[in-house]
Amino acid sequence: VNMEGENARIVVETWEREEVKIVIELVAKHPQMDIASRDIDAMKFSIDQHGNKIYFRNYISPEEGQPQPEASLEAVYTVMLPDSCPVYAKNHFGNVTMSNLKHLVKIQSEFSKIFLDSIVGDLFIQSHFGDIFGRGIYGNVDIDARRSDITLRQIGGNFDISSHYGIIKLFADRSLLNLNIEAEKSDVYFFDPQPSAYGYTLTAHYGNITVPNDLKMNFLENTSNLQKAVLMPSNDMATISVRITFGDIIIRNP
């Protein structure tokens, strides 16, 4: 399923049927009924199917000769599909909510918040001015975020995160395998009840590294311009690598 939204609220949920159901609501809000009725016609949508791929999108395009919409326009997608169905979503000015998916999820958003719950498999996210919230994320995860905060709980698997101008808060569990973060003008918080269960390579240019007292990090560099700390992992330990410029790295117990 491929979806592209503008001023859209996209909700993707799963069910046991081997079919896809899509409900689209087009909404125009204005104190004057005649303006809302006129402007709803500016909200266009289309649905196409090619083989086993479904494409749907909405966009705002006033009819020829009509003024730009004065009403607040919104499209609401409710999508029901099998949990193994791959999903691609692109959205501008709205939000995306997905839950209980178990295969492949790709999200590209601008000015749209992203809410994820129980996503297992391969996850790819590009977000610009849209915060990301997730719980129960397990698999191979790639996130590229710009001016977007990231908060993920109960994460496991392999994570690659790139962040510019944001705050990253991660709450891990025992199934975390590898975590790699490259960040600029961002702060990184990592919470775990047993932070000593990981190996670390932490580098902060023009920032600080803060860890619990019982985490015996080896500081290779510790100046006002550069802090670099490592803790070598044993063979069965997950590895965490964070490289940050103009930001802080904070490791804490929850």
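Glutamate 19 is partly exposed, with a relative accessible area of 42%; buried means under 20% relative accessible area, exposed over 50%, and partly exposed in between (1.4 Å probe, protein chains only). Glutamate 19 forms a salt bridge with arginine 17, the closest N and O atoms being 3.7 Å apart, where a salt bridge is a side-chain nitrogen of Lys or Arg within 4 Å of a carboxyl oxygen of Asp or Glu. Arginine 17 is also partly exposed, at 48%. The model is predicted, so that local features need pLDDT of at least 70 and side-chain atom pairs count only at pLDDT 80 or more, while totals for chains, interfaces and linings use all residues. Residues are numbered from 1 along each chain as its sequence is written, and side-chain values use heavy atoms, with hydrogens and water left out.

The structure holds seven salt bridges. Among them is the pair of glutamate 70 and arginine 38, with the closest N and O atoms 3.3 Å apart. Glutamate 70 lies in the loop between E5 and strand E6 (72-81) and arginine 38 in helix H1 (residues 33-39), so the pair ties together parts that are 32 residues apart in sequence. Helices (H or I, at least four residues) and strands (E, at least two) are DSSP runs, numbered from the N terminus. Arginine 38 is partly exposed, at 26%. A network of salt bridges links Arg38, Asp39 and Glu70. Lysine 185 and glutamate 184 also meet through their side chains in a salt bridge (3.6 Å, N to O); lysine 185 has a relative accessible area of 34% and glutamate 184 one of 31%.

Two residues in loops were examined for backbone geometry. Most residues other than glycine have a negative phi. Phenylalanine 129, in the loop between strand E8 (104-128) and strand E9 (132-146), has a positive phi near 60°. Arginine 147, in the loop between E9 and strand E10 (150-164), has a positive phi of about 55°. Both are partly exposed, phenylalanine 129 at 38% and arginine 147 at 42%.

Phe129 also contributes, with Phe93 and Phe111, to a nonpolar surface patch of about 300 Å². Patches are made of residues with over 30% relative accessible area and no salt bridge, like charges being joined within 9 Å and nonpolar side chains (Val, Leu, Ile, Met, Phe, Trp, Tyr) within 5 Å. Accessible areas come from the Shrake-Rupley method with a 1.4 Å probe, and for residues only the protein chains shown count as cover.

The largest pocket is lined by 18 residues, of which Val1, Asn52, Lys53, Cys85 and Pro86 lie nearest its centre. On a 1 Å grid over the protein atoms alone, a pocket is an open set of points where a 1.4 Å probe fits, with protein on both sides within 12 Å along at least five of seven lines, and lining residues have an atom within 4 Å of a point. Strand E5 (53-60), strand E7 (87-101) and E8 each supply at least two residues of the lining.
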